[in-house]
Amino acid sequence: MPEQARRGFMPTDKRDFAEKALPVLRKAAQEIYFLINRGYPVTSTTRFVGDRYQLSERQRLALARTVSPQSSILSRKSRQVQSISGETVFIDGFNVLIGLEIAFSDSMLFKCMDSTVRDLGGLHGTYRLIPQTDLAIKALLRSLNELGPSKAVIYLDKPVSNSGRLRQRILDLSQEKDISFELEVCMHEQVDSILKTKPLIASADAIILDECGGWFNLAKYIVQTQIGQYDYVDIIPHETD
């Protein structure tokens with residue numbers, strides 16, 4: 001696949017996350033985990049440990065998204081649900097779809113300590129549809145059909161470029177499929193703030209997971225059921241406190 005078509009890929013990733021780089025990243029992850037469990041803030045701890053091991057910005061970002069304090073892990077897992085059948089589920093649209101675009105691009109997804117999978121993609125106010133976008137949307141709709149919610153509400157960040165085009169594409173593809181649930185696609189200025197208040201959401205965003213009611217691990221489910229075996233990058237510390 002041409003590198004320019006791979007969502008979430010940078011040429012330096014081949015070096016930063018090569019097999020020989022993983023032992024150092026796991027050691028750094030262990031040290032970050034130790035420190036944040038003792039009250040040190042994630043951002044400054046990641047910077048401190050990153051400086052010690054002379055890590056790149058991408059490596060530091062991966063560590064920050066992979067490692068969480070034990071209290072947050074336990075809280076998130078206590079509110080994780082295993083079924084959304086018959087329920088209304090509120091979906092963090094860009095979070096889920098970009099993760100799936102990355103999976104269909106065969107780019108990097110990371111195992112995380114709270115059981116989610118995360119990527120190194122970022123919006124920063126810009127987004128464009130790519131060839132993998134349709135694959136991601138179709139996989140999402142297929143999985144929702146299998147999971148059987150009564151209603152799915154997909155939220156998209158209105159300020160992000162092309163969010164309107166993505167909304168229309170989701171609606172167009174939903175018309176081509178015989179979906180068994182009510183679908184609503186909403187654009188909102190502050191999606192994170194909305195999702196934090198909902199009783200059942202689908203996202204891997206740690207900030208949302210720390211405050212929402214219940215959550216379903218949708219992106220991970222879709223990768224497992226629609227793609228199958230995936231070569232996740234694993235830098236989780238093997239010995240945890």
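**A chat about the model**

Author: The side chains of Asp-114 and Thr-116 are joined by a polar contact of 2.7 Å. By polar contact I mean a pair of N or O atoms within 3.5 Å; within protein, one must be able to donate a hydrogen and the other to accept it, and residues adjacent in sequence count only if both atoms are side-chain atoms. Before we go on: this is a predicted model, so local features need pLDDT of at least 70 and side-chain atom pairs count only at pLDDT 80 or more, while totals for chains, interfaces and linings use all residues. Residues are numbered from 1 along each chain as its sequence is written, and side-chain values use heavy atoms, with hydrogens and water left out.

Reader: OK, new topic. What's the strand order in the five-stranded sheet?

Author: The order is 5-4-1-6-7, in an open sheet with parallel pairing. Strand 5 (182–188) and strand 7 (214–215) are the edge strands, each pairing on one side only. Two strands pair if DSSP finds at least two bridges between them.

Reader: How many bridges does strand 1 make with strand 4, and how many with strand 6?

Author: Strand 1 and strand 4 pair in the parallel sense over five bridges. Two bridges join strand 1 (residues 88–92) to strand 6 (residues 200–202), also parallel. Phe-90 stands opposite Val-153 in strand 4 and opposite Ile-201 in strand 6, while Ile-91 stands opposite Ala-202 in strand 6.

Reader: Why call strand 1 largely enclosed?

Author: Because four of the five residues of strand 1 are buried, the rest of the structure largely encloses it.

Reader: Which residues touch the most other members of the largest nonpolar core?

Author: Ile-91, Leu-140, Ile-170 and Leu-218, out of 39 residues in that core. A nonpolar core is a set of buried Ala, Val, Leu, Ile, Met, Phe, Trp, Tyr and Cys residues joined through side-chain atoms within 4.5 Å. The elements giving two or more residues to this core include strand 1, helix 6 (93–104), helix 7 (131–147) and helix 11 (218–227). A second, separate core has 22 residues, among them Leu-22, Leu-25, Ile-36 and Tyr-53.

Reader: What about helix 11, which of its residues are buried?

Author: Leu-218, Ala-219, Ile-222 and Val-223. They cover an arc of only 135° around the axis, so they sit on the same side of helix 11; the arc is that of the directions from the helix axis to the C-beta atoms. These buried residues pack against strand 1, helix 6, helix 7 and strand 6. Gly-228, with a positive phi near 100°, follows helix 11.

Reader: Which loop holds Gln-54, and what's its phi?

Author: Gln-54 lies in the loop between helix 3 (42–53) and helix 4 (57–66). Its phi is near 55°, a positive value in a residue other than glycine. Most residues other than glycine have a negative phi. Gln-54 counts as exposed because its relative accessibility is 72%.

Reader: And Asn-162, where's that one?

Author: In the loop between strand 4 and helix 8. Phi of Asn-162 is near 70°, also positive, and with a relative accessible area of 28% the residue is partly exposed.

How values were computed:
Buried < 20%, exposed > 50% of the residue type's maximum accessible area, 1.4 Å probe, protein only. Contact = heavy atoms within 4.5 Å.
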